[in-house]
Amino acid sequence: QAALKTLELERERLSQVLLQTPAFITILRGPNHIFEYANTPYRRLVGHRDVIGKSVAEALPEITSQGFISLLDSVYQTGEPFIGREVRILLQESSGAPLQERYLDFVYQPLVEVDGSISGIFVHGVDLTDRMEALASVRKSESHLRSILESSGDCIKVMDSGGHLLTMNPQGMRLMGIDDFSKVEGQSWASFWQGEEHERALKALAQVQ
């Protein structure tokens with residue numbers, strides 16, 4: 001009885017850890033992939049729908065045509081895990097709601113019993129959507145900035161905090177007589193100036209460092 005009590009306490013601790021982890025976790029049982037367990041991040045991912053006791057196809061009908069059921073079938077039948085990287089999925093927060101695009105890293109890991117049979121699938125992953133959207137925004141901003149730099153009639157240079165050239169727009173290269181930026185890339189901006197202008201350039205760099 002003491003051993004059983006200890007085991008029960010360990011199971012409760014594990015359950016609490018799984019509930020609070022930022023990664024989404026769910027356990028599916030049988031060939032129809034019945035939800036046995038889903039932690040809070042997973043429930044949040046699927047719009048807090050009541051999934052326990054339902055098959056994946058029943059609980060999340062919108063993903064049936066997206067290939068995920070076939071992936072689960074393959075893992076269950078072959079025993080080979082599946083690892084997905086930045087996988088796009090469309091989910092509904094509720095019945096009839098518009099599909100929401102999400103990007104996930106996840107693993108489908110078969111649950112193997114003592115006799116070697118497969119009883120289910122352990123699903124573990126992270127929602128990358130916010131990060132992917134942030135990266136897309138940064139790329140868009142960088143592309144917009146580059147188009148401004150390239151179309152400007154002024155001499156525009158981008159330097160690192162030490163005053164070394166990182167890039168230069170085409171007009172700037174023409175004004176400075178540079179035909180190949182790689183020849184001056186990483187060079188100190190102050191080195192383009194001589195005499196008193198060189199000293200002024202060094203002071204200007206010191207003020208922004």
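**Entry 1: Gln-92**

I began with Gln-92 and looked up its contacts (heavy atoms within 4.5 Å). Leaving aside neighbours within four places in sequence, Gln-92 is in contact with Val-46, Arg-49, Glu-62, Ala-97, Pro-98 and Leu-99. Where does Gln-92 lie? I found Gln-92 in the loop between E3 and E4. Helices (H or I, at least four residues) and strands (E, at least two) are DSSP runs here, numbered from the N terminus. Is Gln-92 buried or exposed? Gln-92 counts as buried because its relative accessibility is 17%. For my own reference, buried means under 20% relative accessible area, exposed over 50%, and partly exposed in between, with a 1.4 Å probe and protein chains only.

**Entry 2: What kind of model this is**

I noted that this is a predicted model, where local features need pLDDT of at least 70 and side-chain atom pairs count only at pLDDT 80 or more, while totals for chains, interfaces and linings use all residues. Residues are numbered from 1 along each chain as its sequence is written, and side-chain values use heavy atoms, with hydrogens and water left out.

**Entry 3: The whole chain**

I stepped back to see the overall layout. The protein chain has seven helices and seven strands, and along the sequence they follow the pattern α-β-β-α-α-α-β-β-β-α-β-β-α-α. Of its 209 residues, 32% count as buried. I also looked up contacts with a separation of 6 or more: residues 24 or more positions apart account for 36% of them.

**Entry 4: Strands side by side**

Next I followed the strands; two of them pair if DSSP finds at least two bridges between them. E1 and strand E2 (residues 34-38) pair in the antiparallel sense over four bridges, and the bridge partner of Ile-27 in E2 is Tyr-37. The hairpin of E1 and E2 has four residues between the strands, and there Gly-30 takes a positive phi near 80°.

E1 also runs antiparallel to E5, joined by six bridges. Leu-28 has Ile-121 as its bridge partner in E5. E5 pairs with E4 too, in the antiparallel sense, over nine bridges. I picked out Asp-105, which stands opposite Val-126 in E5. E4 and E5 form a hairpin with five residues between them, and Gly-116 in the turn has a positive phi of about 90°.

**Entry 5: Helix H4**

Which residues of helix H4 (residues 68-78) are buried? I listed Phe-68, Ile-69, Leu-72, Val-75 and Tyr-76. Seen down the axis of H4, these buried residues fall within an arc of 125°, so they line one face of the helix. The arc is that of the directions from the helix axis to the C-beta atoms. On the other side of H4, Ser-70 and Gln-77 are exposed.

What covers the buried residues of H4? The cover includes strand E1 (24-29), helix H3 (56-59), strand E3 (82-91), strand E4 (100-112) and strand E5 (118-127). After H4 comes Gly-79, with a positive phi near 80°.

I then checked Asp-73, which is in helix H4. Asp-73 counts as partly exposed because its relative accessibility is 25%. Not counting residues up to four places away in sequence, Asp-73 touches Pro-31 and His-33. Asp-73 and Asn-32 are 41 residues apart along the chain, and their C-alpha atoms are separated by 8.2 Å.

I needed the rules before looking for gaps. On a 1 Å grid over the protein atoms alone, a cavity is a set of points where a 1.4 Å probe fits but cannot get out; a pocket is an open set with protein on both sides within 12 Å along at least five of seven lines; lining residues have an atom within 4 Å of a point. Grid points are joined across faces, edges and corners, and a volume is the space filled by probe spheres set on the points.

The largest pocket has a volume of about 290 Å³. It is lined by 15 residues, of which Pro-41, Arg-44, Leu-45, Arg-102 and Asp-127 lie nearest its centre. Helix H2 (40-45), E4 and E5 each give two or more residues to that lining.

The largest cavity has a volume of about 200 Å³. Among its 18 lining residues, Tyr-42, Ile-63, Ile-89, Tyr-108 and Val-123 lie nearest the centre.
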